[in-house]
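Below is a short briefing on a protein model, grouped by topic.

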Amino acid sequence: MRRHKRAKKTNIIDINMAGSNEVNLNESKSVVPLNTWVLISNFKLAYNLLRRADGTFNRELAEFLDRKVPANTIPVDGVFSFDHVDRNSGLFNRVYQPAPENVTTWGIIELEKPLSTTEIVPVIIFFHGGSFSHSSANSAIYDTFCRRLVSMCKAVVVSVNYRRSPEHRYPCAYEDGWNALNWVKSRTWLQSGKDSKVYAYMAGDSSGGNIAHHVAVRAAEEDVEVLGNILLHPLFGGEKRTESEKKLDGKYFVRLQDRDWYWRAFLPEGEDRDHPACNPFGPKGKSLVGLKFPKSLVCVAGLDLLQDWQLEYVEGLENSDQDVKLLYLKEATIGFYFLPNNDHFYCLMNEINTFVHPNC
Amino acid sequence: MEIVSDSSSPSKTKDIDGLLANVGYKVRSSELHQVAQNLERLESAIVNSSSDISQFASDTVHYDPSDIGNWVDNLLSEFDHTASLPYDFSQLPDLSAPPPQHHHHQSSSTVNNVEEDSAIKLVHMLMTCADSVQRGNLSLAGSLIEGMQGLLANMNTNSGIGKVAGYFIDALNRRIFGQNNVSHQVSLYENDVLYHHYYEACPYLKFAHFTANQAILEAFNGHDCVHVIDFNLMHGLQWPALIQALALRPGGPPFLRLTGIGPPSPDDRDNLREIGLRLAELARSVNVRFAFRGVAAWRLEDVKPWMLQVSSKEAVAVNSIFQLHRLLGSESDSNYHSGIEMVLGWIRSLNPKIVTVVEQEANHNENGFMERFTEALHYYSTVFDSLEACPVEPDKAMAEMYLQREICNVVCCEGPARVERHEPLVKWKERLGKAGFRPLHLGSNAFKQASMLLTLFSAEGYCVEENQGSLTLGWHSRPLIAASAWQAVPLLDAETLRFDC
């Protein structure tokens, strides 16, 4: 079990805070490339339009605005994809695989043979972000991200189209994640290596990271092997207001009141943010000591107002004697991994690559 | 409806930010700063206003969200406009529609492991068979067919892959045993019957009609004389709804002319006229002045624009539901115009206010047989999957037969006999652009209403998506048909109409 020192809290905030309550958009503009700024600001704007004060969500407009892409069995840039629809739930998983070398087999989905009988091919079950309410597995930003994961990390990716809030609150997303994990583990065509098994990892950004954690807990409790968890600025929170929340509120695309809205939409009605789904190591949380929990790679963006919660999460894992590596990207904002135009992106991909190929 | 000018010059497309394009957005690199500024302006305006933003967003009609610049500009101008007006609640559409009924369709077969294995084997054999056909190894293909028929005998062929595979095996069989170009011979009457059941069994035709009507209605705003040209009248199922919507138009209905194109009727019948009479009767009952003309032609290529008798005083709508792709296989005429070029040319010469186009969102027109076969297998598997949600017989069985003929045509036929030459929207956009048309974007109100239409169906799984100004209807994550609207780019003075009217 390797432990890594976590960054001291005093290192976290290294920016000149003017202490103003006004939205100072220029700060975010100076830390990300312009096209990234436009992309994330556009999302921020759209999301503002969709959340209603009464807690309901304009799902129709959300689906209209979301850019979606279909799967493509013909490889593009070395990666192809196809969707598997579960007849009973109506949910789909999108599977991404590296293009087969034999061009004549392009377009044909191989469902009989394993991925490899000699090498190990990691299968990363990916839960997209969106604060439990936004996006889908076939959203363009996530389709593109999963494709990059495949080509840069030499893995197969299965992206889960879980049910979203407020229409489907806790624990729906976790149940969908659990079902997806079991589906993946039972596919013979996702097996690899000399011992013919599915080398399963889980990953997710924002709410997806939260889902990965909770599914991993259940997997550990029910003895389903998950080799590792990759959490990209995972969505955690709690009732208290942390330093980073107070200092970074509204500065880098995210406002605290929006975070609160999403928790109210996801958690069971009447519950507060210390519910263990939101705050797994909080007052109502439980220890993971003794559980065969997968090793974790937790990536924290230094300009994310939720970082204190994420660092508490890392600490919680350490206190439970679990293996966790913290990747702290000091100058990164949320969503830095959507476009490959910054060092953080490549740093992250390298870390994930190493994480899922531990013997290379 | 939003009119967008055609900006297809090469230097402009090169300037599009590639990374944003990869995630579904079109912004020119040179315009990033301006777009960023507008995003900031809008954010400030929203923060400083006391309006209910979510209500504002609901009321505004949005177009093509992939064009961030225009989308934000539209919001800015709407916001400036509405921020100062008192709300007129009577004008708001009813947004509090009841949640859709969730009837989970029970799959009629529980697939056990043995079934699943057979299904996988079957698909593999189908591919290998198609490959042998492409290579001309007909004896191997034939023995594979026997093998597949054997597999099928032990499988559930009432649903799922068993059923679809059956149709593809049948089609391959016909192709191998020399029944190319002998398309599933079906009488016009049978065609009518199958079409009608297909219309009832699934939402594809209804969505096409509904979306096109919405666009036509908006295009006809402010016009007193309007003329709809329907490229395939069939039973005229599309038109009662439009007639009724025009009847209810504020300011009163226009004078509506409908020209319906269809095949000549056998015997002494005049089917076109009969449909026309029925529609005239309906129009009379709702006080819409109406005139009908039927144009009998076996093929669209045979229709000449003078037959349509378009007057310059009318607003013209050309409506093509699943017809344009049929023109892609016809040979060029003596002036070297292919069928599609010729027809698009004379459509343009009519100077239509709107051209509504609905086509299958599939690539079934590749020359390579294997490619076409694979595409068709994926496409029709999805369509058949969606049909399984239909509980009504004999609609479902007939709808399947309707589709089976399409499958047969795609797989068995070549040359002019192959009329089901479906191409995806991205290709149609190119063709229509080159033929002098520019897109009219379908907006969020059409999207909203199409979504509501779908909630009338018991099956969950159908989904409407917005795709850069067009709407697609699909099953789960696969778009299956695409609806788009177009307007002729005005001819410059120097251009002359090349086609005889």
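**Briefing**

Chain B exposes about 22,700 Å², of which carbon and sulfur atoms supply 51%; accessible areas come from the Shrake-Rupley method with a 1.4 Å probe, and for residues only the protein chains shown count as cover. This is a predicted model, in which local features need pLDDT of at least 70, side-chain atom pairs count only at pLDDT 80 or more, and totals for chains, interfaces and linings use all residues. Residues are numbered from 1 along each chain as its sequence is written, chains are lettered from A and ligands numbered from 1 in the order in which they are written, and side-chain values use heavy atoms, with hydrogens and water left out.

**Chain B**
- Chain B has 17 helices and 10 strands (DSSP runs numbered from the N terminus: helices H or I, at least four residues; strands E, at least two).
- Of the 501 residues in chain B, 52% are buried (buried: under 20% relative accessible area; exposed: over 50%; partly exposed in between; 1.4 Å probe, protein chains only).

**A:Val103**
- A:Val103 is found in the chain A loop between β2 (92–98) and β3 (123–127).
- A:Val103 counts as exposed because its relative accessibility is 53%.

**A:Asn342**
- The loop between β8 (324–329) and α11 (343–356) of chain A holds A:Asn342.
- With 14% relative accessibility, A:Asn342 counts as buried.
- A polar atom of the A:Asn342 side chain lies 3.0 Å from the backbone oxygen of A:Phe336.
- The A:Asn342 side chain also reaches the backbone oxygen of A:Leu339, at 3.3 Å.

How values were computed. Polar contact = N/O pair within 3.5 Å; in protein donor to acceptor, adjacent residues only side chain to side chain.
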